[in-house]
Amino acid sequence: MSDPRKMLNADEALEQLLGHARPIAEVEHIHTTHALGRVLAQALVSTVTVPPLDNSAMDGYAVACADFKPGEEARLKVGQRIPAGSVGHALEPGTAARIFTGAPVPPGADAVVMQEDCTVEGDEVIFRAMPKPGANIRRAGEDIAAGSEVLPAGVRMRPQEMGLIASIGLAEVLVYRKLRVALFFTGDEIVMPGETLEVGEIYNSNRYTLLGLLEGMGCRVADFGIVPDSLEATVEVLKQAWHEADLIVTSGGVSVGEEDHVKAAVETLGNLDMWKVAMKPGKPIAHGTVQGTPFIGLPGNPVSAFATFCLFVRPYILRCQGGETVTPRSYLLPAAFDWTKVGNRREFVRARLEPQADGAPAVVIYPNQGSGVLTSAVWGEGLAEIREGTAVARGDRIKFTPFTELLG
Ligand code: AMP
Ligand code: MG
C-alpha cells in the first residue's frame, strides 16, 4: 500500500485508483430497449446477414444494364412492381421492374435508376441516363456478414449500438448489473436548493453535479444527503452506506482542516490509500475502503469535485462496470493564450475551442479559473492541461480533452 500522505501527480493517482477497480461480476439479461448506458457483458455475433438481400436504395426502376446502348434512348416495358416487403420475379430481358426503397432487387437486374431520371409513357418507361452496374443497389451483407462479431464485450451502449443490436434481431442483451453508488455531502454550511439560505450558507450544487455525472454513467445512486462536519455523523453515514453500495463517493471534508472528518471517519471503519494529488483544481482526493467497500472522497469545491470526477472517478467507474475504454481521447492544439505562472501542480483549465483567423481551432480559456467558479465549467467545452513545471506561450500546442470524452 502506498504512503497515503505522499503527493502524487495526476497520472500516478489515476494509475493507483485504476489498480483498485474491480469489475462487477454479476450480469443480467435486459430488453434491448433498456440498454442505453449499460455495458455489454458478452461479445455479440450476428446470426443474420444485414441487409439480408440486395435491395434498392431508391424509388425507381430495376434494370439490366445490358438492355442499354450507349447514345441511344432506352425504352423498356415495365414488367412487374416490387414494393418493400414483397419479392419480385426474375427480370425478363428488355423489361424494367418498378421498385421502391428497401425492396429486393430481382434476379437479372444489376442497377436501379431513380425515378427522377425516368419518364413513364403508358406501360413503358424511358430512361434519360445510362445506369452503371451496381447503381443504387445496397448489397446483401454490406453492413453485417452472418457470423461476424458486431460488438465486443465491454461496450457501453449508445443509441446507435441499441439500433445495431436490434438490426441483428436481438430483443435481449446480456449486461453487467448497474453499479450502486452511495453519495453524501459534508459541510455544516451546505443547504439544499429550495431552502432559504442563511448567512454563511451555500447551496449543495455538488449533489446535482455528481448525481448527473453518476446517472449519466448508468449508475444506481443512493443519496445519503448532507452530513454535518462531525466525526460521529460521518462514521454513522458511512456505516449505512457501505453495505448498500459498490462504491461510496463523497464531496468535501477531505482537506486537513479541523472541520474535515472524512479521513478520520474512513480510517475508523477501514483504510485510506491515497491523499494528495498535485493538480488544480482538486488537490485533496481520498481513496480507501469502508468495511471492504471502495470509497472515493472528492474535494468540496464545485469545480474540483466536477474535474476530479471526470478525470479519476469516471475511468474508475468505467472499469468497475466492465468497460473496455478508459482513456479519454485528447487533442494537441495551439493555445490562444499565454500562461506565465509556472506551478508544481498540473492545471486542468476550463477551455473552449475557437476558430482563429485562418479557421483552425485554438484553445481559449475562461478568465476565472477559481475552483469554486462553476460557470467556467458551463462555459467550457473541455479541459486543457497545463503541465506541472511548464509555461505556455501563445501558439504552443497543449492537450485539450473535450467534455464529450469526460462525461457519460
Ligand atoms: P471542503 O472540501 O469541505 O473544505 O470544501 C471546500 C469548499 O467547497 C468550501 O468552500 C465549501 O463550502 C464548498 N463545498 C463543499 N461542499 C459543497 C457542496 N456540496 N456544494 C457546493 N459547495 C460545496
Ligand atoms: Mg467542508
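The shell around ligand 1 in this predicted model comprises 4 nonpolar, 10 polar and 2 charged residues, where Asp, Glu, Lys and Arg count as charged, Ala, Val, Leu, Ile, Met, Phe, Trp, Tyr, Cys and Pro as nonpolar, and the others, Gly among them, as polar. Ligand 1 is surrounded by 16 residues, each with a heavy atom within 4 Å of the molecule; the closest are Glu-189, Asn-204, Gly-253, Gly-300 and Asn-301.

Polar contacts are pairs of N or O atoms within 3.5 Å. A polar side-chain atom of Glu-189 is placed 2.6 Å from an oxygen atom of ligand 1, and a polar side-chain atom of Asn-204 lies 2.7 Å from a nitrogen atom of the ligand. Gly-253 contributes a backbone N or O atom at 2.8 Å from an oxygen atom of ligand 1. Of the 480 Å² that ligand 1 exposes when taken alone, the protein buries 78% (Shrake-Rupley method, 1.4 Å probe). Strand S16 (202–203) and helix H3 (205–216) are the elements giving two or more residues to this shell.

The protein chain contains 7 helices and 27 strands, defined as DSSP runs of at least four residues (H or I) and at least two residues (E), respectively, numbered from the N terminus. Its C-alpha atoms fill a box of roughly 90 × 55 × 45 Å along the principal axes. Buried residues, with under 20% relative accessible area (1.4 Å probe, protein chains only), account for 47% of the 408 residues.

Residues are numbered from 1 along each chain as its sequence is written, with chains lettered from A and ligands numbered from 1 in the order written. Local features need pLDDT of at least 70, side-chain atom pairs count only at pLDDT 80 or more, and totals for chains, interfaces and linings use all residues, while side-chain values use heavy atoms, with hydrogens and water left out.

Key
Polar contact = N/O pair within 3.5 Å; in protein donor to acceptor, adjacent residues only side chain to side chain. Buried < 20%, exposed > 50% of the residue type's maximum accessible area, 1.4 Å probe, protein only.
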